[in-house]
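Subject: Structure handover

Hello,

Here is the structure I promised to pass on. Please open it first, then read the notes below.

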Amino acid sequence: MELFRIGFLSFTLLDLADVSLVAFMLYKTYQYMKGTLAAQIFLGLLVLLAGSAVASFLNLTSLDWIFSRLTSIWFIVVVILFQPEIRRMLLFLGQHRIFGKFFQNSSEEVINAVVSAVGELVDLHYGALIVFARNTGLRIYVETGEQIGAKVSKRLLVSLFFPNTPLHDGAVIIKNATIEAARCVLPLTQNESISETFGMRHRSALGISEISDAFVVIVSEESGRVSVAENGQLFSGLSLPELRERLRHALSEKHVPAEETV
Ligand SMILES: Nc1ncnc2c1ncn2[C@@H]1O[C@H](COP(=O)(O)OP(=O)(O)OP(=O)(O)O)[C@@H](O)[C@H]1O
């Protein structure tokens, strides 16, 4: 069905749907990448495309040739540069209600235990790194640590991060209401724009959140600051009520882990 006509071009309902879909996808991509390193790279690619259009319009043959070479390999460049983002985006799609499986867990009990453990860890100035596995299997990281297989409790969490004990280093990984392992080694972030005030604990929290849908809670040993990492982003300086809210959202039905082993 034709909606209107511009010269010899007719604009149909199908064109409107097409344009709206592309606009929605671009908006979602922008929302998804806002504030990340990928957004800056994406901007660079847009500049390149604009340069190519200008060179072609002004008939600048050599410049146009260079730009056309670059734009012909842009797909490979995008895949290489955005590898972590593409991975996260696919993961996000996989978790969607239509595609994913959803399971119940006793999240409120876990949240209470974790929030009060974090409160105590802050008071004691103990560093902590707690990873919540959701839909992505984290088996390879669980296997780097010491298998625990115990119910989440405040006392156990505080004990695991007690300084100078054999298990205090590295991350605790929780799945559903179970502490799967402690002393786990996580991958470090690829994000070079992270502030230098954040050391290895925060970098590894960010790292695991970049390559999986894990939700990570970090307590800084140095400052007592509470942070969380999710989808490659770090949210720092949280109060305990803010942490509780974020945990509630992260462990809500929408995000609960799948049944497969971690
Ligand atoms: N790859 C890793 N995976 C898991 N934990 C790690 C990893 N690398 C370091 N850690 C943990 O981080 C601790 C070192 O933290 P570091 O002081 O470098 O980080 P930070 O982000 O500045 O944290 P804090 O504010 O607590 O000092 C180590 O003792 C270890 O427990």
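Which helix gives the most to the shell around the ligand? Helix α9 (residues 200-211) does, with four residues. Helices here are DSSP runs of H or I with at least four residues, strands are runs of E with at least two, and both are numbered from the N terminus.

Before the rest, some ground rules. This is a predicted model, where local features need pLDDT of at least 70, side-chain atom pairs count only at pLDDT 80 or more, and totals for chains, interfaces and linings use all residues. Residues are numbered from 1 along each chain as its sequence is written, and side-chain values use heavy atoms, with hydrogens and water left out.

**The ligand**

The ligand is surrounded by 16 residues. A residue counts as near if one of its heavy atoms lies within 4 Å. The closest are D169, L186, H202, S220 and E221. By class, the shell holds seven nonpolar, five polar and four charged residues. Nonpolar means Ala, Val, Leu, Ile, Met, Phe, Trp, Tyr, Cys and Pro; charged means Asp, Glu, Lys and Arg; the others, Gly among them, are polar.

A polar side-chain atom of H202 is 2.5 Å from an oxygen atom of the ligand. For S220, a polar side-chain atom also lies 2.5 Å from a ligand oxygen. G199 uses its backbone: a polar atom there is 2.9 Å from an oxygen of the ligand. A polar contact is a pair of N or O atoms within 3.5 Å. On its own the ligand has 640 Å² of accessible area, and the protein covers 78% of that (Shrake-Rupley method, 1.4 Å probe).

**Confidence**

The chain averages a pLDDT of 84, and 86% of the residues score at least 70. pLDDT is the predictor's confidence in each residue, from 0 to 100. Strand β7 (residues 215-219) is highest, at 97. Helix α5 (residues 83-95) is lowest, at a mean of 68. Over residues 97-105, pLDDT stays under 50. Residues 256-262 are also below 50. Where pLDDT is low, the predicted coordinates should not be read in detail. The model scores ipTM 0.95 and pTM 0.66.

**Aromatic pairs**

There are two aromatic pairs (ring centres of Phe, Tyr or Trp, its six-membered ring, within 6.5 Å; planes under 30 degrees apart are stacked, over 60 edge-to-face, the rest tilted). Y126 and F162 have ring centres 5.3 Å apart and planes at 75°, so the pair is edge-to-face.

Best wishes

Notes: A polar contact is a pair of N or O atoms within 3.5 Å; within protein, one must be able to donate a hydrogen and the other to accept it, and residues adjacent in sequence count only if both atoms are side-chain atoms. Contact means heavy atoms within 4.5 Å.
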